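Dear colleague,

I am passing on to you the structure shown below. My notes on it follow, and I would be grateful if you would read them alongside the model.

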Amino acid sequence: MTDVQVPTSRPTSADVAIIGAGPAGLTAAYLLTKQGLKVTVIEKDPVYVGGISRTVEHEGFRFDIGGHRFFSKSREVVDLWNEILPDDFIERPRMSRIYYEGKFYSYPLRAFEALWNLGIIRSTLCMISYAQAKLFPNKSVRSFEDWTINQFGKKLYSIFFKTYTEKVWGMPCDEMSADWAAQRIKGLSLGGAVIDGLKRSLGLNKRPNDGMATKTLLETFRYPRLGPGMMWDAARDKVVAGGNHVLMGHSFKQLTQDQVSGRWRLTANGPDGDVVIDAAHVISSAPMRELAARIHPLPACALTAAPKLNYRDFLTVALKIRSEDLFPDNWIYIHDSKVQVGRVQNFRSWSPEMVPDPELACVGLEYFCFEGDGLWSSSDADLIALGTKEMATLGLCNPDDVVGGAVVRQEKAYPVYDDDYAAHVTTMRTELEAKYPTLHMVGRNGMHRYNNQDHAMMTAMLTVRNIVAGERLYDIWGVNEDAEYHESGTEGEQAALASVRDVPARVSKAA
C-alpha cells in the first residue's frame, strides 16, 4: 500500500518533500496531491502512519496513543475528515472521571457528587480559597501554578491540577510556563462548571453540550470505528493512489539548500540506504530541535536555541483483562501520588471494534516519562507487571484477570512549556523563516506547540495555500492563538483563520 521502492543511486524529484507522516504531514500531502503537485513524504516508522495519532494493532486489539476525539470548531477540518474517511465515523458518548483519594469525580462536574466526595469542610475550604483568588489575584502571573491558582484557588489547584500535571511534565508546576495552562484550560470557568453541574444534578439542564461553548465539557464526539489511525491510513492511501510517494522506515538525515537554484536536497536513511529527494519546498513536522540540527550548513539557532527545547515522552501499557467491561469511562485521570500511571484509557468505550474479544476488556495505562529514564528503559514485561499492580492498587481490576499486554512507546509526545521555551521558539522561527522561505514548519513538534490534531491539520492546510499561491499569504503561527479553537467538534463552524499579513513575503512557487 505504501511506495518504498525509490532508487537510491540518484535523487528523486518532487515539488514538495514532507518530513513526517503524522496529521500535519499527511494533510499537506493529501491536499498537494489534489492540486496535482509531486510530493514525497518520509516517515521513520516502518509500519504506522499518523504519528501520535496512529493506531497500533496487537493480536487484533487496537490501541489509540493518548485518545483522540474528532471534534473541531473548524468547518474546514470537519469537511476534510469527512472527505478522507466518509463512511467510517461513529458517534460516541464522552465520559471521563477523576480518581482522587480513592473516589471518583465525574467530569463534567456533578455538584452534589463533588460536595459529597470532598466533604463539607473541604468543599467549604475550596470555595473560600476560590473567593480569595478572585478577590486578591496574583498580579504577576509567570507559571502554571500562578495561572491555575488565580483561576480556581489554591485548594482546588492542589487537589485537581498539581499531582496530575507534575506527572505529565516531570517538573514542578511553578517551573512550567503559564502559556500551557492558558492554552489547555482556557474556557473552563469554575463558576460555569459548578452551575452546569448543579443544574444537571437537579435535572434542570438536559441540553447536550456540543462543545462549541466549552470543549472540556463536550458530551459526545465522533471517532473512526477502528481508531484514529484509520483516518491517516486512508490519507496515505489517497496520496499513493494519486501517484505520489510515502516512504516508510525512512529517517530524516540531512537538509541542504542549493544556493543558486534555491532547491532542496533532503537526505533520508531507509532500509536500502540513503535516498536523496530534490524538491522546491520542504514541509517539516519533525521536532524543531532535530530540524535545525540537520540543516547543512548549521543555522546559528542550531547551536543556541534548539538544544534548549525540551520534550516529554510517553508510553502506553495496554492490558487485556478477563471481563466484559471494567468501567464505562473513555478515560480516567489518576490524581494519586501512590501510583505512577497518569491516565487510564478504556479502548472499548472509544469504539467496540477496538476490542475483538467480547469476553475481554482492554485498557491503556498511560505513563509520562523522559526517553532513557527508568520507566522508558524498563522491559515490556516489567511495565506490564507494573500496570497490573497499579490497576489493582486503584481497585480497577483483579490482577489474576489480566491475561496479556503490550507496550507502545512514543518519543517527544509533548513539547515542554518551560519558562524559556517561547523565546527559543521565536529565535528559531525568526532565523529559519528569514533564511529559508521555502522551508515550512507545521504541526505539534514542527512548531513546538501543544496542538491537537485539528490544529496541526490547519497549519498544514494554510501552508499548502501558501505554497500554491507562491507567497506566504497566511501566518500559520496565528492558528493557535485562540485556545477555544484548540480542539475539534462534530459539526463545527467556520473558524476565523484570516491571519493574512499586510505585506506578504514572497516565496518561490513549486517547480
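Helices here are DSSP runs of H or I with at least four residues and strands are runs of E with at least two, both numbered from the N terminus. The model is a predicted one, in which local features need pLDDT of at least 70 and side-chain atom pairs count only at pLDDT 80 or more, while totals for chains, interfaces and linings use all residues. Residues are numbered from 1 along each chain as its sequence is written, and side-chain values use heavy atoms, with hydrogens and water left out.

Buried means under 20% relative accessible area, exposed over 50%, and partly exposed in between, with a 1.4 Å probe and protein chains only. The buried residues of α5 include Phe144, Trp147, Ile149 and Phe152.

Strand β8 (residues 220–224) is also mostly covered, with 4 of its 5 residues buried. Strand β5 (residues 89–93) runs antiparallel to β8 and is joined to it by 5 bridges; strands pair if DSSP finds at least two bridges between them. Phe89 has Pro224 of β8 as its bridge partner.

Helices α2 (residues 75–84) and α17 (residues 453–469) have axes that come within 10 Å and cross at roughly 95 degrees. The axes are lines fitted to C-alpha atoms over the stretch in contact, and angles run from 0 to 180 degrees between N-to-C directions. The two helices, α2 and α17, are therefore roughly perpendicular to each other, a term for angles of 65 to 115 degrees. On the α2 side the contact is made by Glu76, Val77, Leu80 and Trp81, and among the α17 residues are Met457, Met461 and Arg465. Contact means heavy atoms within 4.5 Å.

Ser285 lies in the loop between β12 (273–284) and α11 (288–294). Ser285 is buried, with a relative accessible area of 19%. Leaving aside residues up to four places away in sequence, Ser285 touches Ile19, Gly20, Val442, Asn445 and Gly446. A polar atom of the Ser285 side chain lies 2.7 Å from the backbone oxygen of Ile19. The C-alpha atoms of Ser285 and His440 are 8.7 Å apart, although 155 residues separate the two along the chain.

Finally, Thr267 has its place in strand β11 (residues 264–270), and Thr267 is buried, at a relative accessible area of 13%.

Yours sincerely

Key: Angles under 35 degrees count as roughly parallel, over 145 as roughly antiparallel, 65 to 115 as roughly perpendicular and the rest as oblique. A polar contact is a pair of N or O atoms within 3.5 Å; within protein, one must be able to donate a hydrogen and the other to accept it, and residues adjacent in sequence count only if both atoms are side-chain atoms.
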